[in-house]
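Here are my notes for your first look at this model. Keep the sequence and the 3D view open while you read.

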Amino acid sequence: MQEITIKDDYIKLGQALKLAGLVSSGVEAKMLIQDGLVMVNNEVEERRGRKLYADDIFSLDGKEVKVTAL
């Protein structure tokens with residue numbers, strides 16, 4: 001499982017997808033999220049602004065990414 005590290009309290013889902021390299025742009029992230037293709041903690045998430053905190057796990061196309069804090 002891939003991990004991304006955040007220095008703040010949270011990161012928004014669209015930003016996390018870009019940071020993890022799962023999407024190349026914010027527009028791509030927005031479309032995938034709106035289409036219900038992104039999961040957060042094993043539940044479909046359709047809000048691009050969803051805040052992710054340490055230990056949250058998000059996935060796209062079977063690739064899981066865990067959020068960790070500094």
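1. Start with the pairing of β6 and β7. Strand β7 covers residues 63–69, and it pairs with β6 in the antiparallel sense over 4 bridges. Strands here are DSSP runs of E with at least two residues, numbered from the N terminus. Two strands pair if DSSP finds at least two bridges between them. The two strands form a hairpin with 2 residues between them. D61 sits in that turn and has a positive phi of about 55°.

2. A word on the source. This is a predicted model: local features need pLDDT of at least 70, side-chain atom pairs count only at pLDDT 80 or more, and totals for chains, interfaces and linings use all residues. Residues are numbered from 1 along each chain as its sequence is written, and side-chain values use heavy atoms, leaving out hydrogens and water.

3. Now look at the partner β3. Strand β3 (residues 38–40) runs antiparallel to β6 (residues 57–60), and 3 bridges join them. Follow S59 in β6: M39 stands opposite S59, and in β7 the bridge partner of S59 is E64.

4. Next, T68, which is found in strand β7. Is T68 buried or exposed? T68 is buried, with a relative accessible area of 16%. Buried means under 20%, exposed over 50%, and partly exposed in between (1.4 Å probe, protein chains only). T68 touches E3, I4, T5 and I6, not counting residues up to four places away in sequence. Contact means heavy atoms within 4.5 Å. The side chains of T68 and T5 also make a polar contact, at 3.1 Å. That term means a pair of N or O atoms within 3.5 Å; within protein, one must be able to donate a hydrogen and the other to accept it, and residues adjacent in sequence count only if both atoms are side-chain atoms.

5. How many salt bridges does a search of the whole structure find? The search finds 3. Each needs a side-chain nitrogen of Lys or Arg within 4 Å of a carboxyl oxygen of Asp or Glu. E45, R47 and R50 are linked in a network. E45 meets R47 at 2.7 Å, and R50 meets E45 at 2.7 Å, N to O. E45 is buried, at 7% relative accessible area. R50 is partly exposed, at 21%.

6. Finally, D55 and K66 form a salt bridge at 3.8 Å. D55 lies in the loop between β5 (51–52) and β6, and K66 in strand β7, so the pair ties together parts that are 11 residues apart in sequence. D55 is exposed, at 54%, and K66 is partly exposed, at 25%.
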